[in-house]
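Please look over the sequence and the model shown here. The briefing below then goes through selected parts, grouped by topic.

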Amino acid sequence: MPRSNGLLGLIGVILLLFAGVTGFLTRGRSSFDLLYIGVHGLVGLFALIAYLSAGVENLRRFVGERSTKYGANMIVSSLLFVVILAALNYLSARNHHKFDLTEAHVFSLSPQSISVVKNLEKDLQIQAFVEGGINPELRDLLTGYGDQSAKLSYQMIDPDRQPELAERYKVSAYNTVRLEYGGESTTITQPNEENITNAIIKVTRTTKKTVCAIEGHGEPDTDELQDARGFAAVKNGLANENYEVKKILLASLEGVPGDCSVVLVAGPQKPYTEHEIKVLDEHLKKGGRAVFLIAPRSGEQFATMLSSWGIKLGNDVVVDQVVRLFQGPALGLAPLANTYAPHEITRDFKQRTIFPMTRSLQADTAGKKGLQVTELVKTSPSSWAETDLDGLFLRSEASLDPAADRKGPVAVAAIVEAKLKEMGSGDGEARLAVFGSVEFADNRNLEGTYYNRDLLLNTIDWLVGQSDLVSIRTKSVRASRVQFTQDQGTVIFYLSVLVIPELLLLAGLVVWWRRE
C-alpha cells in the first residue's frame, strides 16, 4: 500500500472529526459555520472513501503501521482533552464559585447584602439604565445579587435604544438603577453595593424605625457634617438603613415619645435633670430601647441609673501602649479593640474598632434579677483603666497601678437584655447599650479606617429587633495597617537600623582585607 493512501485515510478521519466538533459547538448558526462543516465533511468523506477503496488488506496494513498508531494515540488524547475541558466548563457553569483573596473581600457581597436578598418574600426586579446597555462592573455586581436568590432578576437597558422605558420611569441619566418590589419602587444614581442594598431595604421595609437623639445638654449635632465631632455620619448611616433620626428635648416632655424606637443619649456636656433621668428610666421599664455614649469625666448622673440596669461606669480613662518605630512605646488614649463577645451584634465581626478617649465599663448584676449583661467589646491585654486622671491630663503621666487601676482587657462597650417580669417592672424586655466613648461615633471615627460604623449600626439594629440587618456593612478598600507589639518593634529596630547595616559593613571590610 502506498504510504500516501494511509495519510489520506488519516486526513479523512481528522476532517470528519472537526466537522462534527464544529457542528456541536456552533450549531450551524451562520452560513460560514455551515460552509466550514460542509467542506470538512465532504472532503473528509471523500478522503476516507478513497482510502477504503484501496482494499481491506491495505486497511489492515495501515492500522498496523507505527505512524497510524501514533496518529490514533494523538487523536484519542486530543479527544480526551476536549472531553475533560467540556466537562470542566459544564461543571463550572453549573457550580461556579468566585474566590475573593482581598483582605476585606471587597469583591464579594457582604453578609448583610446576602441576608437581605435571601429574605425576599416577593419578586424583585432591577433595571439598570447604562450607556449602550453595557456596564461590566455593574453587571457583575447585580449577578452577585442574583446568585443569592431566585426572586431577584435584573436587566441591563440602553436608554437610547429603549427611550420609552426611560421616559416611563423618569430616568434622565446613565447609571440609574430602578428597583421594583411589589407595589414599591425606588431609583438610585450611584449603583454600588451599599446603595443597592440600602435601596432593597427601603423598598422591602414598609415601616420606619425612629431614633430619637436627645438634645439640650451640648450633645454632638446630628446635622453637623463639617465638624469632626458632629454626628451627621450617624444620621446618614441610619437613614441609609431606612431609619428616621429626630431630635427631642426631653426636659420639655413628660415621657419619651411613643414613636421612638431607640433613644440616643450621646455625650452630654451638661448634667441631665432628675426629671430627665426618671423619664429615661421609666422608658426602659416599659420595654424601651436606648443607647448611651458616656465619655470619661461626664455623665456621672447616669451612674446610679445604669448601675440598676447592671452596668457600672468606670471613673477612669482606658490607656493603651502605642509602639512607634525609633521612639519605642508611648501612651495612647485611643485604644484599638478586636476582642468581641459572641453575640448577634458581633456575628462574623473580626475587624478592629477604635475607642478614642473612653472610660471602662463593667457588668454588675450581683443581686439583680432578670438582667443579662454582655461586655461586648474589650481592649487589648496591654491596656489598662487609668484612675489617676489628674496625672494623666495635667502631667501627661500614666502607669499601671495594680492597687487602683484595672489591667486589660477592659470592656468599653456593653449591652443589657432585661426581663422586666423577673425584675418586677411589668412584662416584656428592655434593651440598652452603653459605650464608654463619644468620639467612637463622631464624624471622624465613624467612617474612618476602622469599623466603628458597623458596630454601632449593628447595635442599633439589635436594639430594635432587626437582627437580619445585623452584620458587616458593605466594604470599601481601606488602608492596611499592621500593629506591632513592643517586642516586635524592638526586633524591627535592631534588625533594620543596627544588625543588618553592621553585618554589611563587616562583610565589606572582610572582602577589602582579603583583596589587599
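**A hairpin, a sheet and a loop**

Strand S3 (residues 176-181) pairs with strand S4 (residues 184-188) in the antiparallel sense over 5 bridges, where helices (H or I, at least four residues) and strands (E, at least two) are DSSP runs numbered from the N terminus, and two strands pair if DSSP finds at least two bridges between them. This is a predicted model, in which local features need pLDDT of at least 70 and side-chain atom pairs count only at pLDDT 80 or more, while totals for chains, interfaces and linings use all residues. Residues are numbered from 1 along each chain as its sequence is written, and side-chain values use heavy atoms, with hydrogens and water left out.

**Hairpin**
- S3 and S4 form a hairpin with 2 residues between them, and Gly-182 in the turn has a positive phi of about 60°.
- Glu-180 has Ser-185, in S4, as its bridge partner.

**Sheet**
- An open sheet with mixed pairing is formed by 8 strands, in the order S6-S5-S7-S8-S20-S19-S16-S13.
- Strand S6 (243-248) and strand S13 (339-340) stand at the edges with a single partner strand each, so one side of each is left without a neighbour in the sheet.
- Strand S5 (residues 209-214) pairs with S6 in the parallel sense over 6 bridges, and the bridge partner of Cys-212 in S6 is Lys-246.

**Loop**
- Asp-401 lies in the loop between helix H12 (389-394) and strand S18 (406-407).
- With a relative accessible area of 36%, Asp-401 is partly exposed, a term for values between buried (under 20%) and exposed (over 50%), using a 1.4 Å probe and protein chains only.
- Asp-401 and Phe-129 are 272 residues apart in sequence and 64 Å apart in space, C-alpha to C-alpha.
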